[in-house]
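Hello,

Here is the structure I promised to pass on. Please open it and keep it beside you while you read my notes below.

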Amino acid sequence: MNNISPQLQNQIAQFQQVQQQLQAVSTQKLQMEAQKKEVERTSAELAKATGDVYKSSGSLLIKVDDKEKLKADLEESLETLEVRIKGLERQEKTLRDKYESLQDAINKAVGQEEE
C-alpha cells in the first residue's frame, strides 16, 4: 500500500478537489436559499404593511415613496436568486456525480492494489 500508483495518487487528488468544490457549492446554495427566504419574508411583510415603509441602505433606513417599485425590486431579486439556486443545484449534481465516480474508481484501485 506504500507504493501508490501515480494514477491512483492523481485520482485521490482529484477526489479531494471535487470534495472541496462540492462543499463550496453546497455552502453557496445554502446562503442563496437563506437570502431567498429573507426576500420572501420581506415581500410578505411589505404586502401586509400599511402606512410608511422603510428600506435599509447600509446603516441607514430610507423611507420608500413607491411601494410598487420596491415590490417589483423584491420580485426581481427573488427571480435572480431562484436562477442562481438552480444553477448551483445543477453544479452540485455534476460535482456529486463526479465525486461518486472518483470514489468508486479509488475504492476499486485500492482493492486491486491490496491483492
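Is Tyr99 buried or exposed? Tyr99 is buried, and its relative accessible area is 19%. The cut-off for buried is under 20%.

A word on the source. This is a predicted model. The protein chain has a mean pLDDT of 93. In that chain, 96% of the residues reach 70 or more. Confidence is highest in α1, at 96. It is lowest in strand β1 (residues 53-57), where the mean is 91.

Now back to Tyr99. Searching the whole structure turns up 1 aromatic pair. Its members are Phe15 and Tyr99, with ring centres 4.7 Å apart. Their planes meet at 25 degrees, so the pair is stacked. The cut-off for stacked is under 30 degrees.

Where do Phe15 and Tyr99 lie? Phe15 is in helix α1 (residues 6-48), and Tyr99 is in helix α2 (residues 67-114). The pair therefore ties together parts that are 84 residues apart in sequence. Phe15 counts as buried too, because its relative accessibility is 15%.

Next, the strands. β1 pairs with strand β2 (residues 60-64) in the antiparallel sense, over 5 bridges. For one of the residues, look at Ser56: its bridge partner in β2 is Leu61. Together β1 and β2 form a hairpin, with 2 residues between them. Find Gly58 in the turn. Gly58 has a positive phi of about 70 degrees.

Best wishes

Definitions and conventions: Residues are numbered from 1 along each chain as its sequence is written. This is a predicted model: local features need pLDDT of at least 70, side-chain atom pairs count only at pLDDT 80 or more; totals for chains, interfaces and linings use all residues. Side-chain values use heavy atoms; hydrogens and water are left out. Rings of Phe, Tyr and Trp (its six-membered ring) pair if their centres lie within 6.5 Å; planes under 30 degrees apart count as stacked, over 60 as edge-to-face and the rest as tilted. Helices (H or I, at least four residues) and strands (E, at least two) are DSSP runs, numbered from the N terminus. Buried means under 20% relative accessible area, exposed over 50%, partly exposed in between (1.4 Å probe, protein chains only). pLDDT is the predictor's confidence in each residue, from 0 to 100. Two strands pair if DSSP finds at least two bridges between them.
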